[in-house]
Amino acid sequence: MKTSSRASNWTLVIRLTVMVVAAWYPRVGVAQGARGQTAAAGRVTFSETIAPILYANCVTCHRPGEAAPFSLISYDDVKKRGELVATVTRSRYMPPWHAAHGYGEFADERRLTDTQIDTIGTWVKQGMPQGNPARMPPLPQFAEGWHLGKPDLILEMPVAYNVPAGGPDIYRNFAIPTGLAEDKWVRAVEFRPSARKAVHHSLFAYVRGGAMKDFEGKDGKPGFVGLNGLGLGIGIQPNFQPSGGLGGWAVGTTPAFLSDGQAWPLAKGTDLVLQMHFHPTGKPESERSIVGLYFADQAPARRFSNIGVPSLFGLASGIDIKPGDKGFTIQDSMTLPVDVRIFSAMAHAHYLGKEMKATATLPDGSVQPLIWIQDWDFNWQDRYAYKQPLLLPKGTRIDVSIRYDNSLENPRNPNSPPRRTLWGEQSFDEMGGIQFEMVTVRPEDEAALVAGNLAGTRAAIVKGLQNGTVRRVLDHQRRAAGPPPRLQQITLLNREGKTVATVAEPGVYNQAALSPDGTRVAVIKTDLESRDADVWVFDVTTGKGTPITSDAAPNAAPVWSPDGRQIAYVSVLLDDNYSTLSRKAADGSGNEEVLYKSTAGAAPVLTDWSADGVLCFWSDKVTYAMRADGDRTPVALSDGTFNVRGGRFSSDGRFLAYSSDESGRFQVYARPFSLASNAAASSATKGSPVSTGAAIGGIFWRGDDKELFFLSSPEQAVTAADVKTSPAFEAGTPRQLFKPPNGTFAPAQLSNVATRDGQRFVVLVQLPPVPTPASTGAQR
Amino acid sequence: MWGLVTLSASGTPVKIRDVDGRWLTPFQPAARANAIFFISGDCPISNTYAPEIQRLCGQFASQGVGCSLIYEDLPPDVTAARKHLDEYGYRGRGISAAVDGARTIARAARASITPQAVIVDATGAIKYRGRIDNRYAALGKPRPQATTHDLIDALDATLSGTPVPAPETQAVGCAIVPADFFRK
């Protein structure tokens, strides 16, 4: 093992066109150390010992104009950063290589030997002596321009993308029409970014020409966000076909032709898609990549297959990682239907992926290591090519296991606090798989290998359809392709409908509810990136927001507890057939407490939480009351003959106001309420009408129960009626207070829409749409 | 006691010429406090923090906090520093900058990494030394976003006269090389 790994280093060195003398370094270095009488025994110098190591392993990237920082060519360059070089080589952060050494043998392994690392450490400790400059190795020759010669097709991003100076890393896609009039075979893709320090990696794929148009420019910038399965060969989106992967590039990759005369298919009329990862560098950068494609004259004699284990990056593996879980693992196997040669392994997961391992168990029971990544880093999505293709006979079982870390101990966790994470294509979702590129030993076996792979893919899709994952992913794609969301401004109005305050930044909000003391607003906020809908609380004065929920399930219908310390809300669970009513502290602390599980088809809607501790919600046609504590058996307040919804308790708890369509249209009624006497559901108890015409909800009792508000229909005007609750309920003639600005209020502001004194109303004012680049262009 | 290190060996306050030739005394705040940022011309982590340093200095300027950038690895000639200030958008924001060719400021503040921040209060005492935030868990391990903002917390405490919760944190970045290292 030792001998062969050393041999692999020799090959690497020679391939990098470094002079053969560099490859002799360990022997030369030791010999010089032994005979170096002018210095202490074992003294190492830059010229004789360190430069050969760096020139063979580091300067491909660490030289002027390349992606890596710090040129490591001259003595002064290296001396300045010597301590850092010693530290990062010791920790094996550099050179970057994420596959475990000795677990599969890879070509071009970027790795220093233990001896080389010790030597660098010793040199730094000894004060970094230069030695004799005359003994410096020659600098490796690097190709100028195209590495692989003139490409057959050169494509350039039509417009530059501006990478901002700061902020989080950016993942963004750019589609470039290929303009190809015929199908091609691609032997190599050479990628030349213009902002070398900002571009970390790029994956290449092709899709049906124009298929990405709907996604582009949504945020007013070139390109589009979202991974959308590009280059993953997912193919569950018929609209993208034909599509396929074309490899990738990461910092440090040397462009190369596929081995054995192989080639990727590239269909005519398609668009090339670059899926790029940018690191903001601290100053604005501008990226306009150039891509060179190298075609084969004819179809390759042999077709290779790219087979993922598990299929479709774990679409059907049941990925559902609980917050804090450090050991969630998926495992999958595939058995080779024919004899194959495996060329490469490429692992993939997102931020929570931690450890990935693949082995091959041969029919004779022997186990061959394939690849092991002990500390997965999303930023280094390398394709690991085997030094020698691995010959694996029919019946060999490939086992893959992938472990995830969804705790805060994983510094790459995108969520703090961690949140439930499901399978999905966005980088904050998870997936996982290892792709193996392979060719059958016998040409006549190709069809069997392809058929076996397709069967696995189909089985995964069927399972993904059954468990809801495919629906969720397609929903997400549909939303991503839809018009940009309209933003709203949380706004407080007075009784004349005049704006008295705006709260927090504009966002995608729903169902705002004022706290009983009027100082806070609970609202459903939809994250623009993840599209997750969570309960937030915003301070009316400062605008400061606190997330109350941060789970994958969409949340809805927040209601305040009478003391303003808790919020109850609905969670619409995604892949299960039930929804929950839960509560949590209004400052976001502590855990959520599930109060009730509903298996009704549609999620229930919470509308009130009375001073007596009774919750009101409706589900389908029926309105229910349920104690927040103690016996939580919901009591039906209507029998389902008509729709009854939007129930609100009077402040003294003796009456319930609600909307009902018993007259043929929704109107607001009020009736006496007592949980004890309500057991025999009481559509018999007829409500007294409050609204004279149609009304759609938005019911609110003033704190003294002397005034009742609701929204009239179709004007959607805030309307007030003077009411009496003693001795019996009595409503005066309703009068319109004001009509909120267009697009506000409707449809479901069902909780506390006003302050207890009835002086302030919370509405969500729709802002004008964000202009897209296309529409801006048309205006200019 | 930390205040003592801000005096040079001769007992006079440490001062340095900024890139425009004016004297800077980073350990003697003009108002309530100074934030000193030890930075580098080519350390990627140091450069990545440029927008955040500018944001922080803008945010705290109105509260009487001055900002000084101290370059630790550029040639004493200020040309490279001026170019860097322009490229990374530091100009015109009321942030002073100097090249610490002799490492006087780094020694006085006991700074060893770029980027590293030091807070000096109105009395000249060092109240904080360490990272700006925890965006980098280690070299090569950036978080998608920082989850603790150590420098902001320390500035808030300094301004309100309460103890800094963590007065010393580990900065992640590039080692500052002593000036005499390059003497030939």
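Is Asp42(B) buried, partly exposed or exposed? With 17 other C-beta atoms within 10 Å, Asp42(B) is partly exposed (buried takes 20 or more other C-beta atoms within 10 Å, exposed 12 or fewer, partly exposed is in between, and C-beta atoms are placed from the backbone).

## Ground rules and confidence

This is a predicted model, so local features need pLDDT of at least 70 and side-chain atom pairs count only at pLDDT 80 or more, while totals for chains, interfaces and linings use all residues. Residues are numbered from 1 along each chain as its sequence is written, and chains are lettered from A and ligands numbered from 1 in the order in which they are written.

The model scores ipTM 0.87 and pTM 0.70. Chain B averages a pLDDT of 90, and 91% of its residues score at least 70 (pLDDT being the predictor's confidence in each residue, from 0 to 100).

## Where the chains meet

The contact draws 19 residues from chain A and 24 residues from chain B. On the chain A side, helix α6 (residues 82–90) gives the most, with 3 residues (helices are DSSP runs of H or I with at least four residues, strands are E runs of at least two, and both are numbered from the N terminus). Sorted by class, that side of chain A has 11 nonpolar, 4 polar and 4 charged residues. Here Ala, Val, Leu, Ile, Met, Phe, Trp, Tyr, Cys and Pro count as nonpolar, Asp, Glu, Lys and Arg as charged, and the others, Gly among them, as polar.

Back to Asp42(B), which sits in the loop between β3 (33–39) and α1 (44–48) of chain B. Setting aside neighbours within four places in sequence, Asp42(B) is in contact with Pro69(A) and Phe70(A).

## Nonpolar cores

In soluble globular proteins, nonpolar side chains tend to be buried together. The largest nonpolar core here has 77 residues, and Ile490(A), Val521(A), Val523(A), Ile567(A), Leu606(A), Ala657(A) and Val762(A) touch the most other members (such a core is a set of buried Ala, Val, Leu, Ile, Met, Phe, Trp, Tyr and Cys residues joined through C-beta atoms within 7 Å). Apart from it lies another core, of 74 residues, with Val59(A), Ala33(B), Ile45(B) and Leu151(B) among them.

Take Ile567(A): not counting residues up to four places away in sequence, Ile567(A) touches Ala522(A), Val535(A), Ile548(A), Pro558(A), Val559(A), Trp560(A), Arg583(A), Lys584(A) and Ala586(A).

## Two open sheets in chain A

Ile567(A) stands opposite Lys584(A) in β28(A). Strand β27 (residues 566–572) and strand β28 (residues 579–585) of chain A run antiparallel and are joined by 7 bridges (strands pair if DSSP finds at least two bridges between them). These strands belong to an open sheet of 4 strands in the order β26-β27-β28-β29, with antiparallel pairing. At the edges are β26 (555–560) and β29 (593–598), each pairing on one side only. From one strand to the next, the twist averages 20 degrees (axes are lines fitted to C-alpha atoms, for helices over the stretch in contact, and angles run from 0 to 180 degrees between N-to-C directions).

Another open sheet of 4 strands in chain A has the order β1-β10-β4-β7, again with antiparallel pairing. Its edge strands, β1 (153–156) and β7 (264–266), have a single partner strand each, so one side of each is left without a neighbour in the sheet. The twist here averages 45 degrees from one strand to the next. Strands β4 (residues 184–192) and β10 (residues 290–295) pair antiparallel over 6 bridges, and Ala188(A) stands opposite Tyr294(A) in β10(A).

Val309(A) and Pro310(A) are joined by a cis peptide bond, with omega about -10 degrees. Pro310(A) lies in the loop between β11 (305–309) and β12 (320–321) of chain A. The peptide bond from Ser416(A) to Pro417(A) is also cis, with omega near 0 degrees, and Pro417(A) lies in the loop between β18 (397–404) and β19 (421–422) of chain A.

Asp620(A) is not a glycine, yet has a positive phi of about 55 degrees. Asp620(A) lies in the loop between β31 (614–619) and β32 (622–627) of chain A, and counts as exposed with 11 C-beta neighbours inside 10 Å.

Conventions
Two residues are in contact if their C-beta atoms, placed from the backbone, lie within 7 Å.
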